[in-house]
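Reader: I'd like a close look at one strand and whatever it pairs with. Could you take me through that part, then step back to the rest?

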Protein chains: 2
Amino acid sequence: MLAVTILGNNSAIPAFDRHPTAQVITLDDHLFLVDCGEGTQTQMNKYKIRRSRINHIFISHLHGDHYFGLIGLITSMGLLGRHQDLNLYGPPRLIDIFDLQLKVADTQLPYNLIFHPLGEEGVLVKDNRFEISCFKVFHRIECWGFIFRQVRPPRRVNPEKAKISGIPASFFDRLKWGENYETQQGIVIQNETVTEPAPKPKSYAYSADTIYNPELALKVKGVDMLYHETTYLKDLEERANKRYHCTTVQAASIANIAGVKQLLIGHFSSKYDRLDEFEREAREIFPETYLAIEGVSFLVP
Amino acid sequence: MLAVTILGNNSAIPAFDRHPTAQVITLDDHLFLVDCGEGTQTQMNKYKIRRSRINHIFISHLHGDHYFGLIGLITSMGLLGRHQDLNLYGPPRLIDIFDLQLKVADTQLPYNLIFHPLGEEGVLVKDNRFEISCFKVFHRIECWGFIFRQVRPPRRVNPEKAKISGIPASFFDRLKWGENYETQQGIVIQNETVTEPAPKPKSYAYSADTIYNPELALKVKGVDMLYHETTYLKDLEERANKRYHCTTVQAASIANIAGVKQLLIGHFSSKYDRLDEFEREAREIFPETYLAIEGVSFLVP
């Protein structure tokens, strides 16, 4: 299972009860946080995100609407008694800011904050369940996108067949990952007889703030779901280009070229009160477009 | 007129829909911001605070729940096209953090951010209407309180008498500040004949995070309203002392010794869901105690 929960969908200035960028990626049992605008920890309270389950945080770039909420989150994690390691991935200067802020507060985190400075495109972290890689996007300052891939989704347990074979429900989680079951009598139940093959691994790309550039489509080619910014409606293409941002039509074109299944759009300018026009414009080019509405979870198809 | 509007009343971690510390002081036509926890700009949107009217911001200390929202506010002010100077008062290292954050974002503010590092107790800023001074409080790291005083409150215009004397309403604001009116015929109407004397100047002290110390009462002696932190209820006095914070009873004792008219309490620990016990305990010692509830404005008596 791969899903994206939107905690913030606005650009720059909080407005109309929309918050700066933050997304939680759920990949089977793992939670990942991508970007962390001001107020993200409050949004996590509101939408019941368990921060203790987050062990990896990814920051795309050092414009404030993408990371001003991070120092509050990592100090709160400390105050709440976190002990397990926290891995942070972002542009190299990010850690200088936190080091200074922790120093002036005379604060020591009770857990290890392991910082991984972004430098080259490629795989950042991989285990037997997931693989996360980064790629450069095209913004006014150094800016990164991230791709989340299931490496090996769980197999589907057929509970009736499993029960008939005498396998207890407590073993189902191990069945999902391909184990055989051995009864007390030493009989081995082959996994394939009580499970169905895993679905195709899913993938999600978060492309962060970027000017329109078809090269980006190559970097995210074939992912199941793409998040692409649409700061402006199509009539403001000139302004979008000048500010290194995109319009609805530009984002939808990238989705088309990249051949993704679904497109999620967000990072809406604070000048817009209503968002329906964003959806309408993007769907003209790429019908499977969805607005990144705060509080909503999108299941990658 | 001197009033305090509460934007945040919680300590450390946002909880139960309470936000970290921030207060707006209204002194006649001026707005001042004291402390600026994460999410303060969102709270300003919610409670309709016009940030363009804020020209002076005071930061008590460099624990995150008192300033993590400031970088977002000052960059938003820039994005909203602010041009007038902004004066910022706080511990010296505060500006190092902002300089670094603006530099990595390749951002230049379109207005002057004038930083005044706090170093000695005494008057920080004074004009013919107000005087703001700072004093040290007793916390784990360098921490400051602030006193806001009306220097010269406006006189009270008697609109009937003024109208009978032929003074147009457009001149009333100048009457408040003591001017005489001269008619087109050259007759001078003496200010005292159409106004009443100004009330006694009001004062408000914000004492920030502190351990219990009766010395603090001397520093705020005789102010009309005192804000004092009450992180804990009285049964946790030992914990309060250990963490350089105060209980209800300790705050109320300071108010008694200082001889203030009213006490405002806040900075409630995230462990408390309900706040009524804070009010009850403090009022046993100092009856004129009020809870600093978010969104409420308190008129200094």
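Author: Strand β6 covers residues 113-117 of chain B, and five bridges tie β5(B) to β6(B), the two running parallel. Two strands count as paired here if DSSP finds at least two bridges between them. The strands themselves are DSSP runs (E, at least two residues), helices are H or I runs of at least four, and the numbering goes from the N terminus. To get from β5(B) to β6(B), the chain passes through helix α3 (residues 94-104) of chain B, in a right-handed β-α-β crossover. Right-handed means that, with the strands pointing away from you, the path from the first strand over the helix to the second goes clockwise.

Before going on, a word on the basis. This is a predicted model, where local features need pLDDT of at least 70 and side-chain atom pairs count only at pLDDT 80 or more, while totals for chains, interfaces and linings use all residues. Residues are numbered from 1 along each chain as its sequence is written, and chains are lettered from A and ligands numbered from 1 in the order in which they are written.

Back to β5(B), which also pairs with strand β4 (residues 54-58) of chain B: three bridges join them, again parallel. Strand β5 (residues 86-90) of chain B is mostly covered, with four of its five residues buried. Buried means 20 or more other C-beta atoms within 10 Å of the residue's own, exposed means 12 or fewer, and partly exposed is in between, with C-beta atoms placed from the backbone.

Now over to chain A, where an open sheet of seven strands has mixed pairing and the order β6-β5-β4-β3-β2-β1-β18. Its edges are β6 (113-117) and β18 (297-299) of chain A, each pairing on one side only. Inside that sheet, β2 (residues 22-27) and β3 (residues 30-36) of chain A run antiparallel, joined by six bridges. Ile25(A) sits opposite Phe32(A) in β3(A).

As for where the chains meet, the contact takes 29 residues from chain A and 29 residues from chain B. Contact means C-beta atoms, placed from the backbone, within 7 Å. On the chain A side, the elements giving two or more residues are α1 (40-46), α2 (70-79) and α3 (94-104).

Terms used: Contact = placed C-beta atoms within 7 Å.
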